[in-house]
Amino acid sequence: MKQLGLLPLTVLNDEETLFFSSVQDFAKKEIQPHVSHMDETETLNPKIIEKIFEMGLMAIEVPEKYGGSGGSFFQAILAIQGIAQVDPSVSVFVDVQNTLVENALLKWGSEHIKSTYFPQMAKKKVGSYCLTEAHSGSDAFALKTRAVDKGSHYEISGKKIFITNAKEASLFLVFANINPDLGYKGITAFFVEKEMEGVSLGRKETKLGIRASSTCEVIFENVKVPKENIVGEVGKGYKISIETLNEGRIGIAAQMLGLAEGALAGAKMYAQQREQFGKPLSSFQGIQFQLAEMATRIEAARLMVYNAARLKDAGKSFVKEAAMAKHFTSSVAEFVSSLSLEIYGGYGFVKDFPAEKFYRDAKIGKIYEGTTNMQLQTISKMILD
């Protein structure tokens, strides 16, 4: 039988292999030494941010004509995965820029927006995705932020909460309603600069996990936004938010995959080095079975994440697969990080080893960019239609 010459799903081509290896090397050399300090101080190291930009990891899919890397969505997923193996906090910093903000602009941004902001985002400016509000979490369309048409511009007022990258961001993709009477059909997306009068940061959250990643309130008080900064069409913000979150969920799935891989790597190393009763932990069948179970679930998670990402790049439907990947990998990350901590024993419970941090970081996977129940709702809807 004639072979098709297709690569297995989890086998990377030469370009992907080189890219993934470079990201992993960068994470180990440049990020790993600072992980504990960043977690304790709840701050990303500015030098790491600079180096991430220098590597081109903040504009992976942005075309080269705008200063980007001109890569694929799958490469963005590899970057998120590779960094999460070392620090999920830095991983989500890269994730939001690539899979949410830039993805929205790539698909719906005007030439003015692309030519103005992509070069900035490729070099030094961080983007943030402003959707969630106090009364609109899973019910994203209950948002109350208003955008009033003032003729030459819109005036935006409202407060967003739980906004990732807010502290570092210079640019915000903001969802506001131009007319609450229209319901979700009034929601419109705007690209807002931090320097615009009336933009400010509110409370910075202190979190259980991914502590180095900033999560803040972003406040808009009569902010004048030019009409050319509308992303997509007026009243189409609901469509933009839904579709970008579908793509973003693959990014979160990649983050959880990388986290689980990092937790497993630590557990394996510890089990091979730690001796009890005169022999390494890894020689005990009980430990071997635990490591095997962890590795098996990670392999299944990798297949789901890569499949969803490659479907997206191929222009195929991926919504169900993205929801499944996020749901499954968040469970795998929680399971693997918990079991990893137990393999470390008492040492897993202290901050001298990475197990406890992976365990804390894992929990957010079931919550942000759509809770587990929202993913299950999406999946059930699609399989029952």
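Trainee: Why does the span between the end C-alpha atoms of helix H8 (residues 285–313) agree with what its residues should give?
Mentor: This is a predicted model, to start with. H8 has 29 residues, and at 1.5 Å a residue these should span 42 Å; the end C-alpha atoms are 42 Å apart, so the two agree. The expected span is 1.5 Å times one less than the number of residues.

Trainee: Which residues of H8 are buried?
Mentor: Among them are Ile287, Leu291, Met294, Ile298 and Val305.

Trainee: What covers them?
Mentor: The cover over the buried residues of H8 includes H1, helix H4 (73–84), H5, H7 and helix H9 (319–344).

Trainee: And what follows H8?
Mentor: Glycine 315 follows H8, and its phi is positive, near 75°.

Trainee: Which domains does the lining of the largest pocket draw at least three residues from?
Mentor: Domain 2 (128–235) and domain 3 (238–384), with at least three residues from each.

Trainee: How does the lining of the largest pocket divide into nonpolar, polar and charged?
Mentor: There are 18 nonpolar, 14 polar and 10 charged residues in the lining of the largest pocket.

Trainee: OK, how much space lies in the second largest pocket?
Mentor: About 680 Å³. Of the 27 residues lining the second largest pocket, Gln32, Gln85, Gly262, Pro354 and Phe358 are the closest to its centre.

Trainee: Which elements give two or more residues to that lining?
Mentor: Helix H1 (14–31), helix H2 (35–41), H7 and helix H10 (355–362). The largest share comes from H7, with 7 residues.

Trainee: And the classes there, nonpolar, polar and charged?
Mentor: The lining of the second largest pocket has 10 nonpolar, 8 polar and 9 charged residues.

Trainee: Last one: which domains give at least three residues each to the second largest pocket?
Mentor: Domain 1 (14–126) and domain 3 (238–384). Domain 3 also gives at least three residues to the lining of the largest pocket.

How values were computed
Residues numbered from 1 in each chain as written. Predicted model: local features only at pLDDT ≥ 70, side-chain atom pairs only at ≥ 80, totals over all residues. Heavy atoms only, no water. Nonpolar A, V, L, I, M, F, W, Y, C, P; charged D, E, K, R; others polar. Domains from an automatic or database assignment. 1 Å grid on protein atoms, 1.4 Å probe; cavity = no way out; pocket = protein on both sides within 12 Å on 5 of 7 lines; lining within 4 Å. Points joined across faces, edges and corners; volume = space filled by probe spheres on them. Helix = DSSP H or I, 4+ residues; strand = E, 2+ residues; numbered from the N terminus. Buried < 20%, exposed > 50% of the residue type's maximum accessible area, 1.4 Å probe, protein only. Contact = heavy atoms within 4.5 Å.
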